[in-house]
Amino acid sequence: MKKRIVAFRRLNEQQIAQLREQFHVDYFPSLEGVDDPGFRDALAEAHGLVGASLKITPELLDEAPHLEAIASISVGYDNYPVDELTRRGILLCNTPDVLTETTADTGFSLIMATARRVVELAEFVKRGDWKESIGEAQFGCDVHGKTLGMVGMGRIGAAVARRGALGFGMNVLYSYASPKPELEASLGARRCEMEELLERADFVCVTVPLTAETTHLFGAEQFARMKSSAIFINIARGKVVDEPALIQALNDGQIRGAGLDVFEQEPLPADSPLPHMANVVALPHIGSATHETRTAMAQRAVDNITLALTGERPISLVNEPAWDSRSS
């Protein structure tokens with residue numbers, strides 16, 4: 001009898017066909033939440049899950065007694081109770097590498113757009129307000145030659161730093177990461193304490209994962225340490241930032257501006273001031289959102305779940321101890 005997979009994120013026809021060659025697939029491409037009756041019925045028989053943007057709780061796992069593996073179509077895994085999955089021997093797979101460069105592109109586009117006020121001034125032209133040569137009121141700030149402070153220096157952080165150092169001649173500082181001697185050699189990057197980074201950087205770019213330790217890593221104290229001319233960029237997770245503190249810092253001129261792809265609540269609530277602030281570029285969490293990258297992420301997840309359910313080690317495994325206990 002074929003094992004059963006529940007897929008709750010849109011896959012292309014080739015990916016669905018690949019799964020159906022070996023498994024029975026219950027497919028929910030437009031699933032809106034865990035309370036969907038069809039999804040709950042399928043979950044009770046599922047050996048594998050493939051999807052993203054769904055909060056998986058221990059209570060939900062209780063309804064999936066046959067579950068062996070989850071393949072998330074994401075690099076982050078804060079929606080999953082990793083320790084609980086490991087305790088139950090359920091493999092958790094993710095999709096690093098395939099989205100690194102695309103997400104770094106998004107991060108650096110926020111640096112450029114915020115520094116040069118691209119969105120704000122494009123709207124200025126659309127409104128018909130461009131009636132004479134622009135003056136200082138419309139000036140932005142340079143990016144080249146400035147200091148880029150990376151908070152987090154994993155795959156994505158390193159890719160952003162590479163763009164800054166090699167493409168724009170930026171000086172790179174990094175913190176909240178283990179030493180990276182290869183990046184120090186190739187990019188001239190320097191590891192320092194967070195306090196120094198905040199005080200020296202012209203652009204502070206956050207790429208840390210969301211954990212208990214990094215929740216509200218940025219608050220009033222951190223924004224107060226930054227230069228008044230500095231720009232804050234967040235392509236990590238929204239909850240890394242105390243959002244009211246960021247709004248206050250922007251309103252008070254403690255920092256020049258912010259480029260944000262992630263928020264504490266997504267989609268943004270209608271009463272959030274952030275998308276209406278002239279010194280903010282707000283994007284709808286598009287970090288990896290290109291046709292090429294999303295297809296590659298889904299394919300990695302399909303390959304991961306196929307390997308996991310056929311007794312082979314997945315390509316990208318989050319909870320190694322779950323595999324070790326299975327293999328012992």
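**Exercise 1. Thr 100**

Determine whether Thr 100 is buried or exposed in this predicted model, and find which residues it is in contact with.

Solution. Step 1: the relative accessibility of Thr 100 is 8%. Step 2: buried means under 20% relative accessible area. Thr 100 therefore counts as buried. Step 3: Thr 100 lies in helix H5. Step 4: with neighbours within four places in sequence left aside, Thr 100 is in contact with Arg 155, Ile 156 and Ala 159.

**Exercise 2. Helices H5 and H7**

Describe how H5 and H7 cross, and list the residues that meet.

Solution. Step 1: two packed helices are described by the angle between their axes and the distance between the axes. Step 2: the axes of H5 (residues 100-115) and H7 (residues 155-168) come within 8 Å, and they cross at roughly 55°. Step 3: that angle makes H5 oblique to H7. Step 4: the crossing of H5 past H7 is right-handed. Step 5: on the H5 side, the residues are Thr 100, Glu 101, Thr 103, Ala 104, Asp 105, Phe 108, Ile 111 and Met 112. These meet Arg 155, Ile 156, Ala 159, Val 160, Arg 162, Arg 163, Gly 164 and Phe 168 in H7. Step 6: sorted by class, the contact of H5 with H7 has eight nonpolar, three polar and five charged residues.

**Exercise 3. Helices H1 and H12**

Work out how H1 and H12 are oriented to each other, and which residues make the contact.

Solution. Step 1: the axes of H1 (residues 13-22) and H12 come within 10 Å and cross at roughly 5°. Step 2: angles under 35 degrees count as roughly parallel. H1 and H12 are therefore roughly parallel to each other. Step 3: H1 contributes Gln 15, Gln 18, Leu 19 and Gln 22 to the contact, and H12 contributes Thr 295, Ala 298, Gln 299, Val 302, Asp 303, Ile 305 and Thr 306. Step 4: the residues of this contact of H1 with H12 divide into four nonpolar, six polar and one charged.

**Exercise 4. Helix H11**

Identify the buried residues of H11 and what covers them.

Solution. Step 1: in H11 (residues 243-251), the buried residues are Glu 243, Ala 245, Leu 246, Ile 247, Ala 249 and Leu 250. Step 2: their cover includes helix H10 (220-225) and the strands E10 (231-234), E11 (257-260) and E12 (280-282). Step 3: just after H11, Gly 253 takes a positive phi of about 75°.

**Exercise 5. Backbone geometry in the loops**

Locate His 216, His 285 and Pro 267, and describe the backbone at each.

Solution. Step 1: His 216 lies in the loop between strand E9 (203-206) and H10. Although not a glycine, His 216 has a positive phi of about 55°. Its relative accessible area is 38%, so His 216 is partly exposed. Step 2: His 285 lies in the loop between E12 and helix H12 (291-309). His 285 has a positive phi of about 55° and is not a glycine. At 30% relative accessibility, His 285 is partly exposed. Step 3: Pro 267 is in the loop between E11 and E12. The peptide bond joining Glu 266 and Pro 267 is cis, with omega about -5°.

**Exercise 6. Annotated ranges**

Give the helix and strand content of the two ranges listed by UniProt.

Solution. Step 1: an unreviewed UniProt entry lists residues 108-287 as "domain: D-isomer specific 2-hydroxyacid dehydrogenase NAD-binding". Over residues 108-287 the chain is 33% helix and 15% strand, with the end C-alpha atoms 11 Å apart. Step 2: the unreviewed entry places "domain: D-isomer specific 2-hydroxyacid dehydrogenase catalytic" at residues 6-319. Over residues 6-319 the chain is 37% helix and 14% strand, with the end C-alpha atoms 20 Å apart.

Notes. Residues are numbered from 1 along each chain as its sequence is written. This is a predicted model: local features need pLDDT of at least 70, side-chain atom pairs count only at pLDDT 80 or more; totals for chains, interfaces and linings use all residues. Side-chain values use heavy atoms; hydrogens and water are left out. Buried means under 20% relative accessible area, exposed over 50%, partly exposed in between (1.4 Å probe, protein chains only). Helices (H or I, at least four residues) and strands (E, at least two) are DSSP runs, numbered from the N terminus. Contact means heavy atoms within 4.5 Å. Axes are lines fitted to C-alpha atoms, for helices over the stretch in contact, and angles run from 0 to 180 degrees between N-to-C directions. Angles under 35 degrees count as roughly parallel, over 145 as roughly antiparallel, 65 to 115 as roughly perpendicular and the rest as oblique. A crossing is left-handed if the near helix is turned anticlockwise from the far one by less than a right angle, and right-handed if clockwise. Ala, Val, Leu, Ile, Met, Phe, Trp, Tyr, Cys and Pro count as nonpolar, Asp, Glu, Lys and Arg as charged, and the others, Gly among them, as polar. UniProt positions are given in the numbering used here, feature names are shortened, and annotations may be inferred rather than shown by experiment.
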